[in-house]
Amino acid sequence: TESMLPIIQDKLVAIAQTAGKMMVDADPSVDTSDTKKNSSDRVTETDKAVEDMVKSRLLSAYPRFAFLGEETLKDGQKLGDEPTFVCDPIDGTLNFIHGFPNTAVSLALTVEKKPIIGVVYNPFRGDLFTAIKNRGAYLTTANGSTKRLPLRPIPAPLASLNDCLVAIEWGSQRQGSNWDLRTSIAQTLMTSKSSGGAMVHSIRSNGSAALDFCYVAAGWLDVFWEGGVWIWDVCAGWIILEEAGGVVASANPGDWNPTLEGRLYFAVRGAKRAEQEGVVKELWGLMGDRRFVF
Ligand code: IPD
């Protein structure tokens, strides 16, 4: 029931803080890291240890809820309609391995395949982003202050991509048509208008899709465009963004209602739907008839 949501959120925050301590205490230079599909797709012992801790604590507190996690995903497991905890123990594993302090634990609760609670915690900077459906999104910082998102006043100029600071992540698939599309759109976004580009303010690649969603929610970024991320990367950030007034559309043109399982996401901040739609359609237009395929 609705009244349980703040209690569940408190539990997720407490678990995220334990996870954060495990991340900060770990030494990734001695932490065994395995490669998954290729040398840029990695998992560390800490990813696995954090997920084991999160899973056992959540399932002992809420034994009737389902659990879906990046590292313990079972073959063929899909997000269902039942209340489900979705966990990315370390989003931004490459950053974690390199000591680049833009890494987070991302925890969400979904009901009927939609996120209703999101908790994203970066222990290296002490940023805790939280949201509950219909109750707003918040950032609590290391000094203990809590502010409602977005932090930057809106509406701000967001009528076209030309006004935007845009996040793109590169993922680990570095060849083929998805890669060609990603790199060519990145180039077009950056190119000056007189040479046929969108001339965005600039592009950022911070290395964590979960934090990109939160940064759009905060208003520090205007747009995040990504093809290839998974449910656990975006689930918590999604509700944090929506509760801050932002919208999620598909990274491929045409779909204003992507599902969590789609792997294609376009996140835009803002208060004015028309401006948000204008920016989404502009990027969709740059894609012509090209599409991500997964
Ligand atoms: C990755 C990050 C990265 C994105 C990748 C994700 P992980 O998550 O979110 O920004 O480009 O597609 O897999 O593997 O560090 O949890």
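What percentage of the 294 residues of the protein chain count as buried? In this predicted model, 42% of the residues fall into that category. The secondary structure of the chain consists of seven helices and 14 strands. The radius of gyration is 18 Å, close to the 19 Å that the globule rule gives for 294 residues, and the chain is therefore as compact as a globular protein of that length. The C-alpha trace extends over about 60 × 40 × 40 Å along its principal axes. When contacts between residues at least 6 apart in sequence are considered, 64% of them link residues at least 24 apart.

Two domains are assigned within the chain: domain 1 covers residues 2–148, and domain 2 covers residues 161–286. Their centres, taken over C-alpha atoms, are separated by 22 Å. To the contact between them, domain 1 contributes 37 residues and domain 2 contributes 26 residues.

On the side of domain 1 that touches domain 2, two or more residues are given by each of the following elements: strands S3 (66–69), S4 (84–91), S5 (104–111), S6 (114–122), S7 (127–132) and S8 (137–140), together with helix H3 (93–98). Of these, S6 gives the most, with seven residues. By residue class, this side of domain 1 comprises 18 nonpolar, twelve polar and seven charged residues.

Conventions:
Residues numbered from 1 in each chain as written. Predicted model: local features only at pLDDT ≥ 70, side-chain atom pairs only at ≥ 80, totals over all residues. Helix = DSSP H or I, 4+ residues; strand = E, 2+ residues; numbered from the N terminus. Rg over C-alpha atoms; globule rule 2.2 N^0.38 Å. Buried ≥ 20, exposed ≤ 12 C-beta atoms within 10 Å, placed from the backbone. Contact = placed C-beta atoms within 7 Å. Domains from an automatic or database assignment. Nonpolar A, V, L, I, M, F, W, Y, C, P; charged D, E, K, R; others polar.
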